[in-house]
Amino acid sequence: MLKKRVAMQDIAAETRLFNSRALVAMLIVCTLFSIILVNMYNLQIRSYQDYQIRSEGNRIKVLPLAPNRGLISDRNGILLAENRPVFSLELVPEQIDNINTTLSKLAQLIEISEEQQQDFLQQVKQQRRFNSIALKERLDEQEVAIISVNLHRFPGVTVEARLSRHYPFGDLFTHALGYIGKINTDDLRRLDEQDRLANYAASREIGKLGLERYYEEQLHGTMGYQEVEVNNRGRVIRVLRSVPARSGKNIRLSLDVGLQLTAQQTLNQSRGAIVAMDPRDGAVLAFYSNPSYDPNLFVHGISSSNYNALLHSPDRPLINRVTQGIYPPASTIKPHLALLGLETNTVQPDTRIWDPGFFTLPNSDHRFRDWKRSGHGWVDVYSAVAESCDIYFYDLGIKLGIDRISDYMRQFGFGERTGIDIHEEASANMPSRGWKRARFNQPWYPGDTVPLSIGQSFWTATPVQLALSTAVIVNKGMMPTPHMAAEFSSADSTELVNPGLKPALNVVDEENWRIIADTMVRTVATLKGTAHTAFRNSSYSSGGKTGTAQIVAIAQDAKYDADALDERQRDNAMYIGYAPAENPTVVFAVVVENTGGGGSVGAPIGRQLLDYYFSAGVNSDE
Amino acid sequence: MNNAMVDPAQRSGRLAAFHIDLPLLLGLLTLLAFGLVILYSATGQSEAMMKAQVIRLGIALAVMVGVAQFSPQTIRRWALALFSLGLLMLIAVLLFGYVGKGAQRWLDLGFMKFQPSEIMKLAVPMAVAWFIASHNLPPRIWHLFIGFLMCAIPTLLIARQPDLGTSLLIAMSGVFVLFMAGMSWRLISFIAVLVSAFTPVMWFFLMRDYQRQRVLTFLNPETDPLGSGYHIIQSKIAIGSGGFEGKGWLQGTQSQLEFLPERHTDFIFSVLSEEFGLVGVIVLLAIYLFIIGRGLIIASRAQDNFSKLVAASFTLTFFVYVFVNIGMVSGLLPVVGVPLPLVSYGGTSMVTLMAAFGVLMSVSTHKRMLANV
């Protein structure tokens, strides 16, 4: 009994103790659950926004879509730069049971090099298994056909097409169009500075040269994007939103394929440049530098052997001779100087000069010779230009002085970039006293003015500057801005390019401008004119001026003998011209390096250009 | 007094005959049903996995009902034997165990692989309770020492496997018995001090590199967002982005797009939080609280000390699982690899848990018979 009573007491105390412990336990449970709830409240209510954003950031990826590059066509809509599909053989590893078997079977169908296979297998290791990986790029048509026919045998194998830039005319438009190439770190930095980098997220290529570079912004277009939902491995689950890319603007150029081809043919194997433009608005009709090269080589990355061949070729094909070729203008600038003489009343239209075949400065016995050793006899401004008399201009140059010549010629655009729509342009050099002081730390001597008066010595010009100065003459002092782009068009708008004319020269007497134009017509039309032979029996009227630039100085009494000189030291043939004589619609400049005289080489090329120009009616519709 | 607080289960003759505690059963079934709903989403709507889980649930429920048929006296008689068997198996694991995932936890019995630590989850509290209840309460310091020893031996064996998380939970289930038995608060404080002193020892001598890494990651997950911090960061994003109402069932982007790792096992709570929001969290916690409350009520109404102690220990251990899992996925605790009880996908732990609830049901429904003795 006693034992049982004690046990009973124990049970009551034990139950009390246990229940109190159970209560404590329950309190602890509730406290800890409260802590969980407070934590949940912090995560789900207070920090909801933050985690919501991070959750969206996890699942939503923005995939950029590259825009199609704008097309470039000539004035008649003939495509000069287009986007062609190129095909590549691609495999999705996760859809292929045995990659090695598939590879060897594919290699039986078309040629796949060991290197391509190794590259591919390397990519398979690096990329995610659902990504498509290229095995062979740029398949030819036959390969595409073979693979396409057998595609059903190869699950997970596809032929993918993407657009690639192509220049159908090859080397014909290279220096005008330039080319596009892979975006490099310099391009990235420049894009970043211009705040345009974001637009290139999906783009692989960028304009590297010429119009492709100058009008990169218009041609590139605007990137589109897809907002996609991805899982933790980056696989796209679904497309949430899609904003299509906007293609770049198409550009219609003022260049003419036919005239361009004529330019190429006439230059033949010679180094040189031809540029033609409409003086009324500066629209460039032909723009050709010889030798040229195939821009398509650069689109997919040029091989180093090809590149070195271009870079080290003695003919220097990479130089854009139209805008970067720096040549002594030679006699082509005689009309300009004659105009300055008339406008300043230094000479009158009927002022006559005796040309004995040489010219000497006072107190000097140095003889500056005429190209015609016997001299031209009595010459006035008409015959001086038409027959290209050097003595008349030596005399005129000395009378005008370097300051007036330099100032006036600068207004014609010499020594300045013309502002044509490519970046590769040189300003060449219009010398002055200040220039010579800065360059050589020497004063300007009258002996410097004499050769300058026939466009030699320090005076240099680019072909496009020569053409532009011709436009200024026929426009009576009004200067256009040369431009190759004529029209930008997109799906919903068309924009014409017309930079307009600006007054470049102060006109004293309009009659003087008519006289100068007349001297150039006489160059072509009169029997003694230096371009008369070249333009005999032409069906149209035109004006022009020949030039023959000496590359090496000829010793005092030596005679220029082309055969005795190294090919690269022979004279450059120059010719500037315009047509028709009344209301000209085209001006042009021709430079042919190391071939001979302006009259014998330059003018005939001008003739062929104009023959084509008029027979094809290049810009007659305007 | 007993008559005034008659249990509904006792009134229900049919259920009583099967030794089923109705409130506990309803609580468990609600939890399991809710768990299946979450699991369907968390497995990426995998019917195969759902089927496997339902089969496991069936087995686990059967085990629960089966265990409930044994009276607490029977269970008490078997406690020591089960404990001894468990100890032998743990030693066997260390000697001949099957190595998986860098840890030696499995015993290959030929027809199945078996984790002896699962037995110890039940055997340790049962054995400690058997020992403590065979003396008067509160236990004397001498008895407590034996009790601690009974916890410590299996704990150290399991820690050697190494499975620190499970070993600590098993130690805790034994300690709960001692706590409920009335271990003095003074001793509890003393042990708390001892444990904090022991922490550096554990850090430097007992913990493996990956365990230390887990703790370091826990302390600052953002330092290693792509490595070991990834789990916890993605889990917190899932929970936080669920907001108040959640993104909707099957609509959780973190879980459906698999940014959330281990989404159907350890991190299933994050799936719930993302898709059902704070509302879902509160509902789940309420269900758990109900089950725990019911467990403690069953314990306090039990008529012998062994039943009380075992029931309370099982209930509190169940709570610890819940707390540790939720704490770890929400960034309160380091990631220790404890599943959310009765919700996470997986077999062994579920069967063990339901066996424990079987014991609770036995305690709850065998009272009258005991009283009649």
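Helices are DSSP runs of H or I with at least four residues, numbered from the N terminus.

The structure is a predicted model, in which local features need pLDDT of at least 70 and side-chain atom pairs count only at pLDDT 80 or more, whereas totals for chains, interfaces and linings use all residues. Residues are numbered from 1 along each chain as its sequence is written, and chains are lettered from A and ligands numbered from 1 in the order in which they are written.

In chain B, helix α9 (residues 185–206) bends by about 30 degrees at B:Phe198, the bend being the angle between axes fitted to the seven residues ending there and the seven starting there. A proline, B:Pro200, follows within four residues. Of the 22 residues of α9(B), 0 are buried, so the helix lies largely in the open.

Also in chain B, the axes of α7 (residues 141–159) and α8 (residues 164–180) come within 8 Å and cross at roughly 170 degrees; axes are lines fitted to C-alpha atoms, for helices over the stretch in contact, with angles running from 0 to 180 degrees between N-to-C directions. The two helices are therefore roughly antiparallel, a term for angles over 145 degrees, with under 35 counted as roughly parallel, 65 to 115 as roughly perpendicular and the rest as oblique. Residues in this contact (C-beta atoms, placed from the backbone, within 7 Å) include B:Gly147 and B:Cys151 of α7(B) and B:Ile170 and B:Gly174 of α8(B). By class, 12 are nonpolar, 5 polar and none charged; Ala, Val, Leu, Ile, Met, Phe, Trp, Tyr, Cys and Pro count as nonpolar, Asp, Glu, Lys and Arg as charged, and the others, Gly among them, as polar.

In chain A, helices α14 (residues 334–343) and α16 (residues 390–400) have axes that come within 10 Å and cross at roughly 50 degrees, which makes α14(A) oblique to α16(A).

Between the chains, 33 residues of chain A contact 40 residues of chain B. On the side of chain A that touches chain B, α1(A) gives the most, with 20 residues.

Definitions and conventions:
Two residues are in contact if their C-beta atoms, placed from the backbone, lie within 7 Å. A residue is buried if 20 or more other C-beta atoms lie within 10 Å of its own, exposed if 12 or fewer, and partly exposed in between; C-beta atoms are placed from the backbone.
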